[in-house]
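Good morning, and thank you for coming.

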Amino acid sequence: MSAVGWTTEVDRGMCMGSGMCAGLAPDLYRLEGDTAEPVRREIPEDERALDAADSCPALAITVRAGARTVGPRH
């Protein structure tokens, strides 16, 4: 696992503020008002970021490895 391997972002226009991501990975995502945001944009490779992207009911989370999208996985 590298120190910074992925980037993650939340599309605030799509986010419905369910809090699923913050519940699954509170060190990666947090609720800010009515929407979620990443705690930091650049993250180490972490399966929980993919789980959060997969679990987002609005599909508002994107996880990338360079230019390649790795999450959500569906």
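**Strands, a helix and a cavity**

In β4, glutamate 42 is the bridge partner of threonine 7. Helix α2, residues 47-55, packs on the sheet and touches β1, β4, β5 (61-65) and β6; contact here means heavy atoms within 4.5 Å. The direction of α2 makes about 145° with that of β5, where axes are lines fitted to C-alpha atoms, for helices over the stretch in contact, and angles run from 0 to 180 degrees between N-to-C directions.

Before going further, the conventions. This is a predicted model, in which local features need pLDDT of at least 70 and side-chain atom pairs count only at pLDDT 80 or more, while totals for chains, interfaces and linings use all residues. Residues are numbered from 1 along each chain as its sequence is written, and side-chain values use heavy atoms, with hydrogens and water left out.

Helices (H or I, at least four residues) and strands (E, at least two) are DSSP runs, numbered from the N terminus. Two strands pair if DSSP finds at least two bridges between them.

The open sheet consists of four strands in the order β4-β1-β5-β6, with antiparallel pairing. Since β4 (42-43) and β6 (68-71) stand at the edges with a single partner strand each, one side of each is left without a neighbour in the sheet. Strand β1, residues 6-10, is joined to β4 by two bridges.

Which residues does threonine 62 touch, beyond those up to four places away in sequence? They are Thr7, Thr8, Glu9, Thr69 and Gly71. Threonine 62 itself belongs to strand β5, and it counts as buried because its relative accessibility is 18%; buried means under 20% relative accessible area, with a 1.4 Å probe and protein chains only.

I turn now to the hairpin. β2 and β3 form it with two residues between them, and glycine 33 in the turn has a positive phi of about 70°. Four bridges join β2 (residues 29-32) to β3 in antiparallel fashion, and leucine 31 stands opposite alanine 36. Strand β3, residues 35-38, is covered on both faces: Thr35 and Glu37 are buried on one side, Ala36 and Pro38 on the other.

The largest cavity holds about 80 Å³; a cavity is a set of points, on a 1 Å grid over the protein atoms alone, where a 1.4 Å probe fits but cannot get out. Of its 13 lining residues, the closest to the centre are Cys15, Ser18, Gly19, Cys21 and Cys56; lining residues have an atom within 4 Å of a point.

Terms used
Buried means under 20% relative accessible area, exposed over 50%, partly exposed in between (1.4 Å probe, protein chains only). On a 1 Å grid over the protein atoms alone, a cavity is a set of points where a 1.4 Å probe fits but cannot get out, and a pocket is an open set with protein on both sides within 12 Å along at least five of seven lines; lining residues have an atom within 4 Å of a point. Grid points are joined across faces, edges and corners, and a volume is the space filled by probe spheres set on the points.
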